[in-house]
Amino acid sequence: MNYHFLGNSGLKVSELGFGAGTLGGKGQLFSAWGQPSQTEANRMIQMCLDAGINFFDTADVYSDGESETMLGKALALDRKDTIISTKIGIRSSDALNAAGFSRNYLQYAVEQSLKRLGTDYIDVLQLHQFDSFTSLHQLMKTLDELVRSGKVRYIGVSNFSGWQLMKAQAIADHYGYEKFVVNQVYYSLIGRDYEWELMPLNDDQQIAAVVWSPLGWGRLTGKFDRQHPIPAESRLHDTAQFAPPVNEDHLYQVIDALKEISEETGYTIPQISLQWLLQRPTVASVLIGARNETQLQDNLKAKDIYLSHEHVEKLNQASAIYPAYPYYPYWNGQFTERFKSIVDSQFILH
């Protein structure tokens, strides 16, 4: 297992992390992700520990908090050697103020996560989405207070736009508050929008990327291709309202390239997809989730496979898309030498 610094925090995290969204099994979305028992969860967590994983990610809204509870129990004996990341901010109940980042709710949500996790500190607290109703100055001050209290050690964001993250970071810098060291982002071979603005921002601000849904919401599991499209009864259809969109032709173009490499190397499509991400600039950790031990074992092997330069180039070209304005003038709409020099250069955090 390789380890990377989490931004400029000095904290090292495993290149593969465990995404605990598959634990809990409550609700339409999370029951489709997975429904392991605590015993099964304990075994999967132990498999991760044995493989060298030290970074475990969850959120207060995953299965109404049950994910945090199960993860906390599974890591109880290994707490001092593991890094627990959780996210807050998405509405967690029907209570009027049970969402966002007001000081009142932020402090309450942290206390509740601590109880469910069975710990007295959160290694990495991430804001799950942007809250336009709370003053960013108040937010950064409250986060700074939480770090100073010892209840939180490092802070980050998820699903922020570039200007939202940069404005918050600038406020923290101006007032001497704790700054963000991690940005949890959607990034995959069929979702490379991260590269347009957030990747350069993360590099400039020395913020590490932690990747969620690296298999494109299950589309790159190897189960689907042109001859075997996603069936109507698939869990992808059940949770489509939550999934990042992807053009069908583009999806199959990427899958075709993955299948060719899989046939040449003997690696599975998920392993190839994960290894491609492990090589990307600014990426500190890629979160893998699993419904069972077999899936987890297959994904864990991604750290050990080798992709040649030719394989990487094939994947780069198959997955390249035309950037949105104002990024396209600099990329020229094609997979040019300029494109490659930007995304393949050696970033600080790589």
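1. The largest nonpolar core here has 84 residues, with Met140 and Leu143 making the most contacts inside it. Helix α9 (residues 248-265) gives the largest share of this core, 7 residues. Apart from it lies another core of 12 residues, including Leu6, Phe55, Ile83 and Ala208. (A nonpolar core is a set of buried Ala, Val, Leu, Ile, Met, Phe, Trp, Tyr and Cys residues joined through side-chain atoms within 4.5 Å; buried means under 20% relative accessible area with a 1.4 Å probe, protein chains only.)

2. A word on the model: it is predicted, with local features needing pLDDT of at least 70 and side-chain atom pairs pLDDT 80 or more, while totals for chains, interfaces and linings use all residues. Numbering runs from 1 along each chain as its sequence is written, and side-chain values use heavy atoms, leaving out hydrogens and water.

3. Beyond its neighbours within four places in sequence, Met140 is in contact (heavy atoms within 4.5 Å) with Ile155, Ala168, Ile171, Ala172, Tyr177, Glu178 and Phe180.

4. Of the chain's 350 residues, 57% count as buried. The chain has 14 helices and 10 strands, which are DSSP runs (H or I, at least four residues; E, at least two) numbered from the N terminus.

5. Among contacts between residues at least 6 apart in sequence, 78% join residues at least 24 apart.

How values were computed:
Buried means under 20% relative accessible area, exposed over 50%, partly exposed in between (1.4 Å probe, protein chains only).
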